[in-house]
Amino acid sequence: MRQAVIWFFLCCKRYLKRLSFLLILLFFPIAAGLFARSEKADQKGVVIGVFSEDSDEDSLGMKLARKLEAYGDGMFSFCLYDSDEELTDAVAARQVECGYVIGEGLKEKMDSGDYRRLIRVYRAPSTIADEMSKEVVYSLLAGLYDREILTEYIGESQVFDYLDQEGERKEEQ
């Protein structure tokens, strides 16, 4: 072990005396830092377009669109579009990988149980980003809609009949 340490020390001493080796040794960390900085600058992720047909800001469709726009984690970034045609043109021009159109009356359709064609997807033929981004879109939709499902279940179910409005036990008569 001692011979290995002495050998390493002598090699380093010999190489550090040569200016070219010292410059190469200093070049590697600098190049790695510049490379990492350039990667972060253009790391926007996969851009996906979103359009909501609901015009009311308090509707579930607009809440979902705003939440998708604010979503900054992971490999996807979402941008809002003002019209369906603008979104389809962006997908056709490959400005975005795919586009989601959130149908009008999303909450009402979900309340009635009509789940078909709630959210339409436009995608370029050569992409698979729509399959991966569906997980993000539907998980954020579930995050917005699950509170309403829970309150509806509590209101209709007899499981919580022993509690009053404040969540305290009712006194038995």
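What do β1, helix α3 and β2 make? They form a right-handed β-α-β unit, with α3 spanning residues 60-70.

The model is predicted: local features need pLDDT of at least 70, side-chain atom pairs count only at pLDDT 80 or more, and totals for chains, interfaces and linings use all residues. Residues are numbered from 1 along each chain as its sequence is written, and side-chain values use heavy atoms, with hydrogens and water left out.

**View 1. The β-α-β unit of β1, α3 and β2.** Right-handed means that, with the strands pointing away from the viewer, the path from the first strand over the helix to the second runs clockwise. Helices (H or I, at least four residues) and strands (E, at least two) are DSSP runs, numbered from the N terminus. β1 and β2 run parallel, joined by five bridges. Gly49 stands opposite Cys79 in β2. Ile48 has Phe78 of β2 as its bridge partner.

**View 2. The open four-stranded sheet.** The strand order is β2-β1-β3-β4, and the pairing is mixed. The edge strands, β2 (76-80) and β4 (119-123), each pair on one side only. Strands pair if DSSP finds at least two bridges between them. Neighbouring strands are turned by 25° against each other on average, direction ignored. Axes are lines fitted to C-alpha atoms, for helices over the stretch in contact, and angles run from 0 to 180 degrees between N-to-C directions.

**View 3. Strand β3 and its partners β1 and β4.** β3 covers residues 98-102 and pairs with β4 in the antiparallel sense over five bridges. Cys98 stands opposite Arg123 in β4. β1 and β3 pair in the parallel sense, also over five bridges. Here Phe51 has Val101 of β3 as its bridge partner.

**View 4. Helix α6 on the sheet.** α6 (residues 129-156) touches β1 (46-52), β2, β3 and β4. Contact means heavy atoms within 4.5 Å. The direction of α6 makes about 30° with that of β3.

**View 5. The largest nonpolar core, of 20 residues.** Such a core is a set of buried Ala, Val, Leu, Ile, Met, Phe, Trp, Tyr and Cys residues joined through side-chain atoms within 4.5 Å. Buried means under 20% relative accessible area, exposed over 50%, partly exposed in between (1.4 Å probe, protein chains only). Leu64, Leu68, Phe78, Leu106, Met110, Ile119 and Leu141 touch the most other members. α6 gives the most to this core, with five residues. Apart from this core lies another, of eight residues, including Phe51 and Val101.
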